[in-house]
Amino acid sequence: MTDLRIHPAIGVARVGNSQQFFVGPESPGVAANWDADSAKFKQFKDGDGKVLRQAARFRIFEFDGSGNPIKELTIGNGIKIEWRIHVANRKASFFAFNGQSGAETDPPYTARANRAPDAIEKKDLGRGQPERRNRRNHNVVDRRGLEIDPGEVAISAPGSVDLADSVTSAPIKLLGQLQMESEGRLLFLGGFGQTASNQTPPPTIDEYASNDGWFDDICDGVVRALITFPDGHTEEAKSAWVIVGPPKFAPGIRNVVSLYDTLWDMAVRFRLPCQPGNDATLQDLLSQQQAWQDQTNDFATSYEPSFVDHIYPLLSRALAATDVHQSPVRPEYHGTLVDWSRLSNRAEDQIRKAVFRRVRDPNSDQLDRMNMPRGLGDDYTSLDNFETDPLNNPPPLPGSFLSLTKVQFALLNAWSEGRFKEDWTLGDLRFAPPPVPGTTVTPHGLDCAALENCVGGPFYPGIEVSWLIRRSDLYAGAFRLKEAGFSFGPLQFGAGFFSQQMALPWHADFYDCHKEEHTPDDSDERIYYMWWTAQRPDDIRAGASDPPYRRWVEKFDSANNGDADPDDITNLARFEQMRTRWPELSFIVLDGDDHIEQIPLSQTTGQHG
């Protein structure tokens, strides 16, 4: 018995203000817009300095009963394909984002759905804490008019069709475009990073996540395909999902916890269905499911991770983050992360254990400020509230700081104990070169390539998606969401489901997610924590020999109203600068062993990429 599936199961597109675009990554380990021939990144801006959009490409594969792909289906020889896509932007009609508010009930948002739209969700606590109501735009009766929903749009022949909503009263109508390639594959192109207001004059953007009267063109939704075979019969392929996010400005750096890591963790711990076939990566997933021990959140000792496949990728991401995030005092163990020969050697117990001791335990119920990752977490609200008013708020929750997934932590634990495969052969390069893409793509390779370049935590709210993506009851199997069209508590699982949680407009949170100082009283050093430096850098440099680093958003600082600190939350001009000038910001690319600023095509022939 064969079945048809669309891959990637979750595809990722990104906005840009250029008409030009590139196709997102399709091979694991290979970043977006990477040119394997020159071993450099291609340009991320066009000749006019506009940011290229990232398209998501979808394909249809036929599988046998064991999960092995038989072939990719393309049009011709009597085969026809009709793609049907339904995406939407429902941000302006959704609940105001307020950290984990909404996650405390099962199913989520039940408590908030039972509250009045104008109920106070977040009190006015003064500096940086403006009041927010339960629903965004709570006083607008026409909720459909707050949404951008083109409905299901079909394309069945090579060409293009726009994703435009002719019904909404929102000031933005267009969410992107579909293009069908000559072979029948689908290209999904997102919007142009637009913002607009339905009020005159537009209200001031004064908060990172929920700003009434504003709209953007981020979206997400379901991708379906109907295949007609030469004998006339038709079959539906298992549907996929498309997510549209902001640009990834440090494409060569991955988050310590990627979205692929988060979904892998769920697949292992919740044992989501998986037919591995002959795919070595999915066979490893099945092995991890079988070895996982729920009682200890660890693997049985019989499971040995690969240093190359499991350990190096995680540690190298921590190392790469230092190219876009500078702290007054760098953690001392970072200096050992280039010593791959020792780290990959079973005999070197001391160095492995020293690194592992500095990793925050995701299973702990104790607050851990000092260990790694040095990042902020889902429960940041509890940290913010406590630091604002420690006398009237409880201590911060452990989730105030980012942890690895439980599976990532278990892999590092096995490595620290010497239970791993010694398969490193590349010496002590600072970073292993990206693999050369194969001549053919694989279905799961497409899934991995899309997700490994996205944020997997923290979700406050996140970059591409927020914490709803971690609901295991939304998945039909590993990495594949259920068919859209069912009620999920008070929510409808359908177009716009994930993007509705995101910041409105996205630019506000994108500015505010810079490094923050949260130095405990008993510390002798200033402690800074990251948000998502792989997506939104903190600090950049023009070249490896061009210190010092400078702020990524430095060119916006002239509009700080004279404040000494342009990042101060009373400086509301920072939001308007990001909203209107985000295409001016630099992309950070890998050049040799360093991540440096890409010189735009309009300024050079591209010696740095």
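Trainee: Is Gln501 buried or exposed?
Mentor: This is a predicted model, in which local features need pLDDT of at least 70 and side-chain atom pairs count only at pLDDT 80 or more, while totals for chains, interfaces and linings use all residues. Residues are numbered from 1 along each chain as its sequence is written, and side-chain values use heavy atoms, with hydrogens and water left out. Buried means under 20% relative accessible area, exposed over 50%, and partly exposed in between, with a 1.4 Å probe and protein chains only. Gln501 has 1% relative accessibility and therefore counts as buried.

Trainee: Which backbone nitrogen does the side chain of Gln501 reach?
Mentor: Gln501 sits in the loop between β25 (491-493) and α10 (506-512); helices (H or I, at least four residues) and strands (E, at least two) are DSSP runs numbered from the N terminus. Contact means heavy atoms within 4.5 Å, and beyond four places in sequence Gln501 is in contact with residues including Phe94, Arg136, Pro461 and Trp467. At 3.2 Å, its side chain reaches the backbone nitrogen of Leu468.

Trainee: What is omega for the cis peptide bond from Asp106 to Pro107?
Mentor: Pro107 is found in the loop between β8 (80-88) and α1 (110-113). The bond from Asp106 to Pro107 is cis, with omega near 5°.

Trainee: What is the relative accessibility of Ala39?
Mentor: Ala39 lies in the loop between β4 (34-35) and β5 (40-41). Although not a glycine, Ala39 has a positive phi of about 55°. Ala39 counts as partly exposed because its relative accessibility is 44%.

Trainee: Is Asn137 buried or exposed?
Mentor: Asn137 is in the loop between β10 (132-133) and β11 (153-155). Its phi is near 50°, a positive value in a residue other than glycine. With a relative accessible area of 3%, Asn137 is buried.

Trainee: How many residues of α2 are buried?
Mentor: Helix α2 covers residues 259-269. Its buried residues include Leu259, Trp264, Met266 and Val268. Just after α2, Arg271 takes a positive phi of about 50°. The helix is mostly covered, and of its 11 residues the number buried is 10.

Trainee: How are α2 and α8 oriented to each other?
Mentor: Axes are lines fitted to C-alpha atoms, for helices over the stretch in contact, and angles run from 0 to 180 degrees between N-to-C directions. Angles under 35 degrees count as roughly parallel, over 145 as roughly antiparallel, 65 to 115 as roughly perpendicular and the rest as oblique. The axes of α2 and α8 (residues 406-416) come within 8 Å and cross at roughly 85°. The two helices are therefore roughly perpendicular.

Trainee: How many residues in the contact of α2 with α8 are charged?
Mentor: Asp261, Trp264, Asp265, Val268 and Arg269 of α2 meet Lys406, Val407 and Gln408 of α8. Ala, Val, Leu, Ile, Met, Phe, Trp, Tyr, Cys and Pro count as nonpolar, Asp, Glu, Lys and Arg as charged, and the others, Gly among them, as polar. The contact has three nonpolar residues and one polar, and the number charged is four.

Trainee: How many residues in the contact of α4 with α8 are nonpolar?
Mentor: The axes of α4 and α8 come within 11 Å and cross at roughly 110°, which makes α4 roughly perpendicular to α8. Residues that meet include Phe307 and Leu314 in α4, and Leu411 and Trp415 in α8. Two residues of this contact are polar and one is charged; the number nonpolar is seven.

Note on methods
Polar contact = N/O pair within 3.5 Å; in protein donor to acceptor, adjacent residues only side chain to side chain.
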